[in-house]
Amino acid sequence: MIDRRLRVLSVLAATGTVTATAHALQYTPSAVSAQLRTLSEQLGVTLVVADGRRLQLTAAGRALVSRLDELYALWERIEAEVKRSAGEISDSLRICGFSTAAAALLPRVAAHLRAAHPLASVEILEAGPEECFEMLAVDRVDLAVVIATSGIPPRTDGRFDQRSLMDDPLDLLVPTGHPLAARTSVALRDAAHEDWITDHDGSAYHRLLLTACAAAGFAPHVRHRSIEWESTAALVDAGFGCALVPRMARLPAGYGIVRVPLSGEPQPARTILTATRRGAQTSPLIAEALDELESLARGRTAGGHLPD
């Protein structure tokens, strides 16, 4: 309902280039340039100027962008109020989340909403934390479940409402015949001499491993890279190293592997957050999805597992 050219300007302010703005909004670069040009013409002011390959906001452009978060949040609250007054929920909800959440949490939320509101539709997208926020910002999704990492916007970012959902402890994954496999718990430093299996450099999981091991006083010797838990389990089973695995993740059956809880300090865990556009958290379907997520988080067993 709000002029889409304003969204183009706000994304440009965050990305700095027409190409990146077009990618985020799924527009063509020429469409982005045209919308910026017509917005400037309609307002009668210059909003952006070229600075090499980037575009810089003018003072007028910065003044406009500084009020857009407030405008969007107000509209989200108005839209939520209209939907609440309509009574029956029949709109759609787009949820995105990282792989473990997409497997363990989001299907349960979708099933709950489908049973409670047969006329509503729910769409689930699997994506990493940074991509989830990118899609939230341009209104391609309504709700995100993400891992707190250094790459996501800070809690103070006025575009979003971020809430802590749960901490997901990490366990040590070793082969069944490993000396640590028979222990009821181990300190992370007990595995300092091991070879490690982790995700690619720069990923949230890789950064978490490095941070946890540094806090335990060592740098992990990473020998193998694996994206999926299936391949991680196979590598550990074959004796190629150990790994850290989130307790919420369900590992494939058929491998000779053991999850050993970590004790002492540090006890690494992933902090899981929910995020919406600011103001949208009061929309009926989003609010109910948030309530269901919080109910699932509260219902975890003492060991940190979600109930079946």
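Which residues in helix 1 meet which residues in helix 2? In this predicted model, the helix 1 side of the contact consists of R7, V8, V11, L12 and T15. Their partners in helix 2 are V18, A20, T21, A24 and L25. Helix 1 covers residues 4–15 and helix 2 covers residues 18–25. The two helices pack with their axes 9 Å apart, at an angle of about 125°. That angle makes helix 1 oblique to helix 2, and their crossing is right-handed.

Helix 1 also has a contact with helix 5, which spans residues 68–86. Here the axes come within 11 Å and cross at roughly 130°. Angles over 145 degrees would count as roughly antiparallel, and those from 65 to 115 as roughly perpendicular; helix 1 and helix 5 are therefore oblique to each other. The crossing of helix 1 and helix 5 is left-handed. On the helix 1 side, L6, R7 and S10 make the contact, and on the helix 5 side it is made by L68, L71 and Y72. A reader tracing the chain can find R7 in the contact with helix 2 and again in the contact with helix 5.

With these helices in view, the whole protein can be considered. It has 11 helices and 12 strands, and its C-alpha trace spans about 75 × 50 × 30 Å along the principal axes. Of its 308 residues, 46% count as buried. Among contacts between residues at least 6 apart in sequence, 71% join residues at least 24 apart.

The interior comes next. In soluble globular proteins, nonpolar side chains tend to be buried together. In this model, the largest nonpolar core has 29 residues, and L172, L188, W196 and L244 are those with the most contacts inside it. Two or more residues of this core come from each of strand 6 (160–175), strand 8 (195–198), helix 9 (204–215), helix 10 (229–237), strand 10 (243–246) and strand 11 (257–263). Helix 9 gives the largest share, five residues. A second, separate core holds 26 residues, including I95, I286, A289 and L296.

Leaving aside neighbours within four places in sequence, L172 is in contact with several residues, among them L180, V186, A191, W196 and L244. The list also includes V258, R259, V260 and L262.

Strand 11 can also be followed through its pairing with other strands. Strand 6 and strand 11 run antiparallel and are joined by five bridges; V174 stands opposite V258 in strand 11. Strand 7, made of residues 186–187, runs parallel to strand 11, and two bridges join them. In strand 11, S263 is the residue opposite A187.

Is D167 buried, partly exposed or exposed? This residue has its place in strand 6. Buried would require under 20% relative accessible area, and exposed over 50%; D167 has 44% relative accessibility, so it counts as partly exposed. Not counting residues up to four places away in sequence, D167 touches A269, R270, T271 and R300. D167 and I147 lie 20 residues apart in sequence, and the distance between their C-alpha atoms is 9.5 Å.

Definitions and conventions. Residues numbered from 1 in each chain as written. Predicted model: local features only at pLDDT ≥ 70, side-chain atom pairs only at ≥ 80, totals over all residues. Heavy atoms only, no water. Core = buried A, V, L, I, M, F, W, Y, C linked by side-chain atoms within 4.5 Å. Buried < 20%, exposed > 50% of the residue type's maximum accessible area, 1.4 Å probe, protein only. Helix = DSSP H or I, 4+ residues; strand = E, 2+ residues; numbered from the N terminus. Contact = heavy atoms within 4.5 Å. Pairing = 2+ DSSP bridges. Axes fitted to C-alpha atoms, helices over the stretch in contact; angles between N-to-C directions. Parallel < 35°, antiparallel > 145°, perpendicular 65-115°, else oblique. Left-handed = near helix turned anticlockwise from the far one by under 90°.
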